[in-house]
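Good morning, and thank you for coming.

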Amino acid sequence: MQIPQIQIRQQHTQLNIDADLGQFDMRQPEATVDIQTTPARLEIHTQQGHLSIDNTDWRDALGDGPHLEAMHRIYSTCKQIALQAIAKKVEDGNIMAAIHTRRNAIAELAVESTNDVDNFQFMYMGDASYDNIDIRYQPATVHIQVQQGQVDMDVQVNRPEIQYYRGKLDIYLSDYPSVEIIPPQVNLKI
């Protein structure tokens with residue numbers, strides 16, 4: 001025997017989605033920059049060096065010195081030279097008066113007179129020395145002043161410009177849901 005059965009047919013929903021993506025348009029303008037600079041400043045002040053050369057002692061040693069100093073030297077030594085000359089004459093006279101010694105006094109005095117003159121006692125010039133020229137140097141002075149420069153920057157960031165274009169989104173049903181129930185066939189023949 002056959003058992004009657006109910007048939008159920010079901011059709012599912014079919015959902016369709018048609019979508020296009022949206023689109024962004026972005027722009028970023030460059031930043032606005034304002035730069036102001038103050039240049040550095042350098043000031044240099046110099047005072048020249050000074051060189052002084054004093055050759056007075058050198059000229060004096062060559063006999064070309066100050067006339068007044070030369071005359072003063074001669075005057076200050078005249079008395080001593082005169083006394084030495086008188087003493088020499090007295091000594092020469094004593095040698096000539098010493099007849100009892102049996103020396104040849106005139107010949108001795110003649111030989112001695114050639115070695116007698118001391119030219120240095122008549123010198124009116126200054127002393128000759130390796131240090132007769134005085135050199136003095138005062139170095140230059142340098143004053144440096146630096147004033148630092150600076151940079152002032154003013155930066156203004158511009159906001160980005162963003163535009164969005166919407167895409168398309170369509171959602172629809174292409175097949176609707178349905179349920180179909182089919183009853184069994186009943187045999188009416190009995």
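This is a predicted model: local features need pLDDT of at least 70, side-chain atom pairs count only at pLDDT 80 or more; totals for chains, interfaces and linings use all residues.

Residues are numbered from 1 along each chain as its sequence is written, and side-chain values use heavy atoms, with hydrogens and water left out.

Let me begin with helix α2, residues 67–97. Helices here are DSSP runs of H or I with at least four residues, and strands are runs of E with at least two, numbered from the N terminus. Helix α2 has 31 residues and spans 44 Å from first to last C-alpha, close to the 45 Å expected at 1.5 Å a residue; that expectation is 1.5 Å times one less than the number of residues. A kink of about 35° is centred on C78, the bend being the angle between axes fitted to the seven residues ending there and the seven starting there.

Which residues of α2 are buried? They are A70, I81, K88, D92 and I95. Buried means under 20% relative accessible area, exposed over 50%, and partly exposed in between, with a 1.4 Å probe and protein chains only. Two of these residues, D92 and K88, form a salt bridge, with their closest N and O atoms 3.4 Å apart. A salt bridge is a side-chain nitrogen of Lys or Arg within 4 Å of a carboxyl oxygen of Asp or Glu. D92 and K88 are 4 residues apart in α2, so about one helical turn separates them.

L51, I53, W58, L62, I133, I135 and Y137 make a nonpolar patch of about 770 Å². Such patches take residues with over 30% relative accessible area and no salt bridge, nonpolar side chains (Val, Leu, Ile, Met, Phe, Trp, Tyr) being joined within 5 Å and like charges within 9 Å. Strands β6 (50–54) and β7 (134–138) each supply at least two of the patch residues. L62 lies in the loop between α1 (56–61) and α2, and is exposed at 55%.

K168 forms a salt bridge with D18, at 3.1 Å between the closest N and O atoms. K168 sits in the loop between β10 and β11 (169–175), and D18 in strand β2 (residues 14–19), 150 residues apart.

Methods: Accessible areas come from the Shrake-Rupley method with a 1.4 Å probe; for residues, only the protein chains shown count as cover.
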